[in-house]
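Subject: Structure for your review

Dear colleague,

Please find below the structure I am handing over to you.

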Amino acid sequence: MAFPKAERRVDFMVDGLRKGGAGREQLSRTLFGLGAYVGEVLVRRAGAAWVDFDAEQRAYFRQSVGVRMPDGRVWNPLGKVLNCFELGGPEESVLLFYLTLHGRARRTAEATS
């Protein structure tokens, strides 16, 4: 499946950015772009849809948009990339985020080929 490869790459890039020593403010556009990429991969490969968060979700996630999975749950890929950058460690891995993500659409072998 192509998705875990994409997430491994994001983890690798974020780790490199963290080791480069720049702060979150300096990298905000890059981190936002990586989070948007993760969200778009969820849209294209896991059946998610981009959504505007309501006021309660915005307060909780500290983001204005996220993705809604086929089972109705909402997730915050933008914030996940920020956490990966700021906190590091295997528990903040974007790949782990995907692998443990609830509500992914099941894909047939033909659909993922």
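Does Asn 76 count as buried or exposed, and at what relative accessibility? In this predicted model, Asn 76 has a relative accessibility of 10% and therefore counts as buried, since buried means under 20%. Asn 76 sits in the loop that links strand S3 (74-75) to helix H4 (77-87). The side chain of Asn 76 comes to 2.9 Å from the backbone nitrogen of Gly 79. When neighbours within four places in sequence are set aside, Asn 76 is in contact with Phe 61, Gln 63 and Val 65.

The second residue is Arg 62. Arg 62 belongs to the loop between helix H3 (55-61) and strand S2 (65-68). With a relative accessibility of 64%, Arg 62 counts as exposed, because the cut-off for exposed is over 50%. The backbone of this residue also deserves a remark: Arg 62 is not a glycine, yet its phi is positive, at about 60 degrees. Most residues other than glycine have a negative phi.

Leu 99 is part of helix H5 (residues 94-99). Its relative accessibility is 47%, so Leu 99 counts as partly exposed. Leu 99 and Glu 7 are separated by 92 residues in sequence, while their C-alpha atoms are 9.7 Å apart in space.

Yours sincerely

Key
Residues are numbered from 1 along each chain as its sequence is written. This is a predicted model: local features need pLDDT of at least 70, side-chain atom pairs count only at pLDDT 80 or more; totals for chains, interfaces and linings use all residues. Side-chain values use heavy atoms; hydrogens and water are left out. Helices (H or I, at least four residues) and strands (E, at least two) are DSSP runs, numbered from the N terminus. Buried means under 20% relative accessible area, exposed over 50%, partly exposed in between (1.4 Å probe, protein chains only). A polar contact is a pair of N or O atoms within 3.5 Å; within protein, one must be able to donate a hydrogen and the other to accept it, and residues adjacent in sequence count only if both atoms are side-chain atoms. Contact means heavy atoms within 4.5 Å.
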